[in-house]
Amino acid sequence: MSVLCAFRLWGDHGQETLENAHVCLINATATGTEILKNLVLPGIGAFTIVDGHTVTGEDAGNNFFLSKDSIGKNRAQAATEHLQELNSDVSGNFVEEGPDKLLDNDSEFFHRFTIVIGVQLPESTCLRLGSVLWSASVPFLVCKTYGLIGYMRLVVQEHTVIESHPDNALEDLRLDQPYAEFQNHIKSYDLDSMEKKDHSHTPWIIIVAKHLEKWLSEHNGQPPKNYKEKEAFRQLIREGIRKNENGVPEDEENFEEAIKNVNTALNPTKIPSAVEDLFNSEQCKNITAQSPCFWVMLRAVKEFVHNEGNGSLPVRGTIPDMIADSQKFINLQNVYREKAMQDAAAVSKHVESLLQSVGKPAESIPEKDIKLFCKNASFLRVVRCRSLAEEYSVDTVNKDEITSCMDSPDSEMVFYLMLRAVDRFYQQHSRYPGVYNYQVEEDISKLKACVNSLLQEYSLNVNIKDDYIHEFCRYGAAEPHTVSAFLGGSAAQEAIKIISHQFVPFNNTFIYNAMSQTSATLRL
Amino acid sequence: MQICTYVWGRNLMSEPGELYIPMIYPCMRSEELGLQRSFDTREHSSLNRGHGTLKVWRMPRSLLFFSSREKKRRRIEDLTEKMAVDSGHRDGGCDWDGRWNHVKKFLERPGPFTHPDFEPSTESLQFLLETCKILVIGAGGLGCELLKNLALSGFRLIHVVDMDTIDPSNLNRQFLFRPNDVGRPKADVAADFINSRVPGCKVVPHFKKIQDCDESFYRQFHIIVCGLDSIIARRWMNGMLISLLSYEDGVLDPSSIIPLIDGGTEGFKGNARVILPGMTACIDCTLELYPPQINFPMCTIASMPRLPEHCIEYARILQWPKEKPFGETSLDGDNPEHIQWVFERSKERAAEFNITGVTYRLTQGVVKRIIPAVASTNAVIAAACATEVFKIATSAYIPLNNYMVFNDVDGLYTYTFEAERKENCSACSQVPQDLQFPPSAKLQEVLEYLTENASLQMKSPAITTTLEGKNKTLYLQSVKSIEERTRPNLCKTLKELGLSDGQELAVADITTPQTVLFKLNFTA
């Protein structure tokens, strides 16, 4: 199976972690199999479906990975057969039992998985499993399709991301604090005495650096700060454009590029506040033999910042493409690249002594990991979700988030509250509201009672419109295929983020409203 | 799946050639993603308000055929037709108990958020199963998902058009294809798979270009869904549906409207939109959302390469046609020998300029212009599109108004907005298009304007006009002999060509099935 495209998005090392992952899916409903489909296609190592249900006619109607012949069979088995067929490299397993029973028999059953994805779980099972997985530090992704509403909750204590692949990353050019090698390189250029061809093929970074030197000497060492000063600086660069014998400026695109990039160029080198926060976290301060590599490397980077780095992160070592001839560009690129290698080597030394101090061998963190870490030092992210216990406890419920969202009564938060009320309904009546047509009307008042008792229990002073109560009775716990498929795509991608430690997962609740095609991420 | 803009940018953090991330977002404005990304729920809900601000959208009367009376009429017609053909045998007896339970809840129950025209009825399902005819354009990553989603939502009369055959690289996300299908038409394989997995479904495949189907073909469908990877094809389809509109005294006849649902994805980003041709923003109205194609300047490729991509382009564009390593055959991105040849030449080129990072995979990426596609993004976008088809076909909900973008690089993010019609859209406005040029302008300038203007973005426009009562081709690129004959016109001024103020120019292009009329206005 070709995984070419996937490789290009998350790289070979990302693909490798994917191929070593073992994913557990609880309940092979339409939502469940759609999620798994999108994990089997790019090639996770193995999956195990846990499902004690027997396939019904309804199941076979909205699920692409069950057929008419599956009716009456165990759902885990029937779905595994159909999913396995998608990719023979993936090992498919199934357990014909529900999660509660499994936990009763073997409380450590779920510890073996890279991630557990629980679909359409009743609240009690969800909370029980949530607490087991939380203490075992196994990431748990809860998914539910309820009518035209999709719900996801990520439960992970701590998830570290080295490669977050930000869309709009700032360049790391150090024009405001050029390191010695860069300074020497700038000095090797003499714009005034150059041949015309060389002049118009000098990279814009050099042009800006040269003019900045001049500016600083004329402005008491202060770089251009506001719009007016930046405009004046742009003018200064413009004046550097060569003129022909008639005094008309030549067409020098590299200078135009320099003028266009003044803002980027003058961006002060600083440590992003998110990274500062990580430096100050406990995990970074107290390195022990149990500390994950991420924290050891982070601490090493912090040491670097305070020592060799003079307050800055390791140089990233990449520059954007720019007008220049090959040689000038590559020379400049090498100045940055070599500095990045030097910095990474310095960080490596810190890693080594940190490892030594906790009695671990230096080679327990490979050189290439340290290089990757340094290159991404500005983009490091740590996602910490609250536990389900915290979300559900009356003492720790995030009331502020709920009430402030509900200031606008049509916020996606209303669907979260409705889903909670539906769970309450299920607890009380052992069925979902409005499953049969005749139940819809009579269940409206029953569901309303659940809404009120929920709000009361948590002392939430919010108003839920009757329309939403009616709508949820109308849903009758339907799992329409297209909403399942939407969640199938989004949940699979979040699972891949968790497995590969690349890109940033959501924190911690996602609501999708297919009625208006809107969504929201809530912190609960 | 790729959208036709082929700008390649390298992710900052990666080694050259190790990981490729497209820098541009053809399906959305980057500032929308960058600046309005929000994880704060309050901010988010103010952006994506649900029903609060969503304008209630009256279904155009055109869609009367979805009103229950019309449904009944069509059903009777359909039944009579069927009886004539197969003695009244309905359905083939392939339904089973509970099969449509998930769908029926939305069709048979009233609700507070339905479209004003909605009437709950048990007949609506029969309308979906027996009458409603849907066309899916594209049987690739999005198309396969769309077919599955529609089939499991109750649609049975589905046609699919695709001109491609299955390539091994499709298998990791186009889940209807298996290794032994490689080489077969995508449309055929997808249709067979769906028809066998979803009993009663009658997907009809068309292994051809959309341009090879005529008006009468397109006119037979109630709704058309596009899952295309080419913006040219999208624009052509859009133009076709606009050409089917009929106007009486300048008033649009709503019954001539065929709704177009369009989906597009690129990496972790995607968009879904609903277009009512002639009523809401069409593809060309929002053309500026798709940045024009940018290629590397030829001088960079030819004389001063800096990136591995420049070296690959050198081998592809300059060396291949010159050295003809495989005779007269043109470069085929799916032929490993061809890629290997380009890879070897690129490596030599790179070595000459000390450029690092040319890999086989990168070579294939550049040659095939692949923007990596991900199964999960296709799943999300196709799901949203299919939900919209269901809403329009059943009136069960108000359709998306009218554009949703999705991005899950950093958390999960959607942004929903109403794209506005462009008053003078060259495709749907019925407003004559003006061209402002001085009589001294050369035809070349007009040609450049047509291809470079952000809201026109034509590809190879053919310009004709009427001079002294005769049709005259001023320039036509696609036929070699005519191109050679008309090429000298490009250097002539409009005046020299005998064009006068107010002259009408008819422009044909592959981006539209219709000829676009321009009025030439002479400026001083």
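**Close-up views of a predicted two-chain model**

In chain B, 66% of the contacts between residues at least 6 apart in sequence join residues at least 24 apart, where contact means heavy atoms within 4.5 Å. The model is predicted: local features need pLDDT of at least 70 and side-chain atom pairs count only at pLDDT 80 or more, while totals for chains, interfaces and linings use all residues. Residues are numbered from 1 along each chain as its sequence is written, chains are lettered from A and ligands numbered from 1 in the order in which they are written, and side-chain values use heavy atoms, with hydrogens and water left out.

**View 1. The two chains in outline.** Chain A contains 23 helices and 10 strands, and chain B contains 16 helices and 15 strands. Helices (H or I, at least four residues) and strands (E, at least two) are DSSP runs, numbered from the N terminus. Of the 524 residues of chain A, 60% count as buried; for the 524 residues of chain B the share is 60%. Buried means under 20% relative accessible area, exposed means over 50%, and partly exposed lies in between (1.4 Å probe, protein chains only). The C-alpha trace of chain A spans about 90 × 50 × 45 Å along its principal axes. Among contacts in chain A between residues at least 6 apart in sequence, 69% join residues at least 24 apart.

**View 2. Helices α4 and α5 of chain B.** Two packed helices are described by the angle between their axes and the distance between the axes. The axes of α4(B) (residues 101-108) and α5(B) (residues 123-130) come within 8 Å and cross at roughly 120°. These axes are lines fitted to C-alpha atoms, for helices over the stretch in contact, and angles run from 0 to 180 degrees between N-to-C directions. The two helices are therefore oblique to each other; angles under 35 degrees count as roughly parallel, over 145 as roughly antiparallel, 65 to 115 as roughly perpendicular and the rest as oblique. Val103(B), Lys104(B) and Leu107(B) of α4(B) meet Ser124(B), Leu125(B) and Leu128(B) of α5(B).

**View 3. Helix α20 of chain A.** At 1.5 Å a residue, the 17 residues of α20(A) (residues 413-429) should span 24 Å, and its end C-alpha atoms are 24 Å apart, which agrees. The expected span is 1.5 Å times one less than the number of residues. This helix is mostly covered, with 13 of its 17 residues buried. Just after α20(A), Ser430(A) takes a positive phi of about 55°.

**View 4. The largest nonpolar core.** This core has 173 residues, and Phe110(A) and Ile117(A) have the most contacts inside it. A nonpolar core is a set of buried Ala, Val, Leu, Ile, Met, Phe, Trp, Tyr and Cys residues joined through side-chain atoms within 4.5 Å. Helix α14 (residues 375-394) of chain B gives the largest share, 12 residues. Not counting residues up to four places away in sequence, the residues that Ile117(A) touches include Val23(A), Leu39(A), Cys143(A) and Ala495(A).

**View 5. Asn238 of chain B.** Asn238(B) lies in helix α9 (residues 231-243) of chain B. Its relative accessible area is 1%, so Asn238(B) is buried. Leaving aside residues up to four places away in sequence, Asn238(B) touches Leu260(B), Ile275(B), Cys282(B), Ile283(B), Asp284(B) and Ala427(B).

**View 6. Lys209 of chain B.** Lys209(B) is placed in the loop between β3 (202-206) and α8 (215-219) of chain B. With 41% relative accessibility, Lys209(B) counts as partly exposed. Its C-alpha atom is separated by 7.2 Å from that of Val161(B), 48 residues apart along the chain.
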